[in-house]
Amino acid sequence: MSPQVALLRLQSTPACNLNCTYCYIPETSRMRRGVMSWDVLGDCIRKLRNEELLGEGLTVSWHGAEPLMAGLDWYEQAFQLIEDELSASTRVEHVFQTNGVLLSDDWCRFLTRTGAHIGVSLDGPETHSGSRVNWAGRPAWRQAMAGVDRLNQHGVTWSLLTVVTPETMRSPEQFVDFVLGTGCSALGFKVENTLAAHESRLESSVETLRLYRDFVKHLWTALPRDGVIRVREFDQYLALRDTGAQAIPVTIVPLRNLTVAVNGDYTVFAPELLYRDDRAFVFGNVTDDAPLLDCLVSPLFEAVSREILAGVARCAGECDYYRRCGSYYVSHKFSETGSFDVGETAACRLELQTLFGELDTLTGHR
């Protein structure tokens, strides 16, 4: 049986209207313009269909810079192309992740009409948002909040995605007040960490770990599980805790999580591996004559997968949290050390071990 692609991440455009200080995509990419060609998009979708790499459902995530910069007219045609190719065989769900600055009434009407999901990246109140600036270094918070207001005015359900910085950790009360006042239906939070083009300013020091534990504790108390705002990390924690199942992250399962760049280059493991100036983890291009599955017998795939599995074995043998993580942090391993054949990373020590450890304490889990 062929592997199945469950999540397809498409970079409709490499451009971004912001220059956030913690962005993992190189500036050389984000300063470019242009959109994915219809040949690239069509070849990608047809290969997935013709090679029987799709199941009953597919999530298409428009990500990898600022997707709204491709323009509404482009997406009208892109959605139609995908529907025409897959409507008879696969149920498609579209997801956008945006900085919110370009959201307009027309975009809100498009989201409502198509049923596409949208997440907005915001780090909290204006005082917490110094990392999210435009190319002139000016804060973008007010423009992003104007976009959020439009979503709420049109009744669009949306999710909030936050990068947790030292400012956020030190003021959890302000952060929660902000979240409750945004109108979002769900919250996801990621700690700033070293990834691809970005080197984190955070260190997993005793003080940082304490601050993050206090932040998690405050969120757990202030945003109850039966509240109006779902918290992604808490839902994931409870699901893993209650089932006791072994986590198998999409970042280590080849082709489960396929990421395609604007020019058709693709990677088959963690998506961040695609966004490197050296193109070290490009496994092929969707416009090539060769089938996608051919990449699974290439020397590059054999070398990378062997090293990733060695790193997974290290995690399994060394870490008490392995069953609930499954060695998720593939990109972070390489970004921090230059190798996949490592176990614990600074990212997992802070973002996962500290998070799960604090939640175990709060829930009395042993």
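Reader: Does Cys 16 count as buried or exposed?
Author: The model is predicted: local features require pLDDT of at least 70 and side-chain atom pairs pLDDT 80 or more, whereas totals for chains, interfaces and linings use all residues. Numbering runs from 1 along each chain as its sequence is written, and side-chain values use heavy atoms, without hydrogens or water. Buried means under 20% relative accessible area, exposed over 50% and partly exposed in between (1.4 Å probe, protein chains only). Cys 16 has 9% relative accessibility and therefore counts as buried.

Reader: Which cysteine sulfur is nearest to that of Cys 16?
Author: A disulfide is a pair of cysteine sulfur atoms within 2.5 Å, and the count comes to zero. Cys 16 is in no disulfide; at 6.2 Å, the nearest cysteine sulfur is that of Cys 20.

Reader: Which residue in S3 stands opposite Gly 57?
Author: Strands (E, at least two residues) and helices (H or I, at least four) are DSSP runs numbered from the N terminus, and two strands pair if DSSP finds at least two bridges. S2 (residues 57–62) and S3 (residues 91–98) run parallel, joined by six bridges. Opposite Gly 57 stands Arg 91.

Reader: Which residue in S4 stands opposite Val 95?
Author: S3 and S4 (residues 117–121) also run parallel, with four bridges between them. Opposite Val 95 stands His 117.
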